[in-house]
Amino acid sequence: MAHVSLYRRFRPDSFDKMVRQEHVVRVLENQIKQGAVGHAYLFCGPRGTGKTSVARIFARAVNCERPKGASPCGKCAACKAIADGSLDVVEIDAASNNGVNEMRDLREKVQYPPVTGKYKVYIIDEVHMLTDSAYNALLKTLEEPPSHAIFILATTEPHKIPATILSRCMRLDFKLIPAEDLEAHLKSILKEIGKEYETEAVAAIARAGAGSDRDMLSIAETCIAFSDKLTYEAVCAALGTADFDTTAKLAFAMLCADMPTALFVTENLLAEGKSVGVLMRDLLELLRQIAVAKTCANAEKLLALPKELFCKIKEIADESDGRAIMRASEILSKTESELRFASSPRIALETAIMRISMPQAEYDIDALLVRVSALEKRLSELPMPLPSFPVEGMGEALPQQTRQDTKRSNETQFVTFDCAAEEEPVWDTPFEPEFSEHGNVDDQNLSASPKDKETFATPIAPAEEMTAETAFGKFIRTLRKTSKNGVLFTMCSDLSASFEGKLLVLSTESETIFRSLSREEHKKIMADTFQAIGVFDFEVRLVSSKKKEDADALSELKKNFSDYPIELK
């Protein structure tokens with residue numbers, strides 16, 4: 001006996017064997033029971049969800065002599081005749097019979113009464129492929145058909161059907177089938193054919209089916225032929241997906257901003273012959289799993305993966321930032337939709353991976369949020385807190401730090417941290433700390449008077465006594481301590497400062513940063529912070545690279561020739 005595909009062999013022949021679509025089945029069953037069958041139906045929905053199967057069951061049910069409830073019995077003369085190919089049920093493929101002549105022929109033949117049953121049923125599949133003239137030829141017959149005729153139109157694209165046709169049909173929308181229902185259906189089939197399987201393998205096939213029962217069974221047939229037992233590894237190999245460990249390594253490198261590793265792994269995967277499109281889909285699926293593992297309490301149940309694979313995904317999720325996962329998914333999704341227009345898909349993929357792995361190279365808000373999250377994580381891993389603290393106890397903390405700078409003040413002794421410079425301590429003291437032969441601060445030199453042991457704060461000096469660099473440095477340190485807005489701190493760190501008289505000018509070449517800092521809530525925070533350090537007049541400017549070079553050159557001239565008045569004309 002010739003082999004029959006799974007989706008043909010296990011096609012449902014009664015309403016109770018349908019996988020989901022209860023809302024459609026209920027309407028049709030009630031109409032059959034009440035004897036109120038319509039003359040025209042439109043079945044629309046995704047492929048493989050049961051449109052043609054329901055149409056065939058309905059055609060047999062309306063002609064069945066002894067229906068079981070509302071389903072055909074399959075034993076009466078009418079059911080057997082339809083199963084053997086009766087003229088009472090006519091299936092037309094509109095994709096290959098889409099001309100006006102075919103519809104005219106249908107209009108003539110519909111007048112003939114049924115041979116064995118009560119109704120003559122016309123099933124027109126892919127009806128959206130008909131031409132305009134074919135629609136016009138069908139329209140009048142569809143509006144006023146003979147009493148013995150029933151039309152069932154099936155399509156995956158109802159928006160392409162003219163409104164005049166839609167208004168004359170009872171529309172029933174088929175939905176995608178949930179994964180758990182696909183799994184249950186596939187398990188029942190595997191048990192019937194005597195095939196051993198792993199639960200994770202069945203779940204993987206159901207996910208690959210993407211809501212389509214027919215697609216799932218086609219994939220399952222390929223996987224069944226791959227090995228004696230249906231395992232998760234066999235399913236992945238049969239579907240041609242990339243190796244999980246390698247893909248996981250690539251995803252982790254992207255989320256951790258490790259571009260060299262990400263590009264190296266990508267090169268190896270593509271060198272093995274993996275398709276760019278397949279690799280893109282594998283990455284998106286893995287990022288989805290990482291997002292589920294990071295956010296859902298019952299992630300292990302939702303993902304239905306082998307335990308060792310779930311543990312790896314969970315580990316990546318715990319080490320990754322949620323914003324980085326979301327940003328990577330958005331970039332890859334956008335790139336996947338652009339691949340069809342790309343002359344070099346590989347370059348498009350590698351560019352997307354570089355964008356994900358280098359958030360510091362972008363000025364959009366998502367990239368800034370990722371950078372802020374990474375900075376906060378680094379700060380949380382420091383061995384001691386960032387806020388200012390008394391001088392006493394510095395002997396225990398400072399040997400682990402590097403001395404960055406020594407400044408002098410005539411009023412107050414204090415120690416602060418410069419957050420814009422890798423969180424290294426900045427000394428502002430009236431004395432020079434002495435260093436031992438090993439490069440550590442000599443604890444004995446830190447013995448101070450009671451005045452020295454107070455909790456120190458940033459001194460306030462008049463704006464005219466400060467250079468632009470000093471004022472901007474104090475502003476950044478104060479902003480880091482007082483404001484919880486990490487995005488604002490990151491954007492301000494990229495500004496350059498200069499004085500024009502008493503006006504402190506903050507310049508940026510990024511239009512995105514300029515627009516963001518011009519918002520009222522950001523301007524207010526910056527103004528309060530500048531007032532705290534004694535600067536009362538400031539302005540944020542957007543400058544081009546050429547203007548910035550001219551301003552730097554002018555500043556250098558004024559510095560080198562301070563005895564001469566210099567003006568830019």
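Predicted model: local features only at pLDDT ≥ 70, side-chain atom pairs only at ≥ 80, totals over all residues.

Residues are numbered from 1 along each chain as its sequence is written, and side-chain values use heavy atoms, with hydrogens and water left out.

Which residue forms a salt bridge with Arg 47? I found Asp 215, with the closest N and O atoms 2.9 Å apart; a salt bridge here is a side-chain nitrogen of Lys or Arg within 4 Å of a carboxyl oxygen of Asp or Glu. The pair links distant parts of the chain, 168 residues apart, since Asp 215 lies in helix α10 (residues 213-226) and Arg 47 in the loop between β1 (40-44) and α3 (51-63). For these elements I rely on DSSP runs numbered from the N terminus, with helices being H or I of at least four residues and strands E of at least two. Asp 215 has a relative accessible area of 18%, so I note it as buried.

I then turned to Lys 109 and Asp 105, whose salt bridge has its closest N and O atoms 3.3 Å apart. The two residues are separated by about one helical turn because they are four residues apart in helix α5 (residues 100-109). Lys 109 is partly exposed at 44% relative accessibility, and Asp 105 is likewise partly exposed at 34%.

Next I looked up Glu 500 and Arg 541, whose side chains meet in a salt bridge of 2.9 Å, N to O. This pair also links distant parts of the chain, 41 residues apart, with Glu 500 in strand β9 (residues 496-500) and Arg 541 in strand β11. I record Glu 500 as partly exposed at 43% relative accessibility and Arg 541 as partly exposed at 26%.

Leu 542 belongs to strand β11 (residues 538-542), and at 37% relative accessibility Leu 542 counts as partly exposed. Leaving aside neighbours within four places in sequence, I find Leu 542 in contact (heavy atoms within 4.5 Å) with Thr 508, Glu 509, Ser 510, Glu 511 and Phe 514.

How many salt bridges does a search of the whole structure find? My search gave 20, and I also noted a network of salt bridges that links Arg 20, Glu 22 and Asp 181.

For the chain as a whole I noted 25 helices and 11 strands, and buried residues make up 43% of its 569 residues. Of the contacts with a separation of 6 or more, 70% are between residues 24 or more positions apart. The chain exposes about 30,400 Å², of which carbon and sulfur atoms supply 50%, with areas computed by the Shrake-Rupley method.

Methods. Buried < 20%, exposed > 50% of the residue type's maximum accessible area, 1.4 Å probe, protein only. Areas by Shrake-Rupley, 256 points an atom, 1.4 Å probe, with all protein chains shown as cover.
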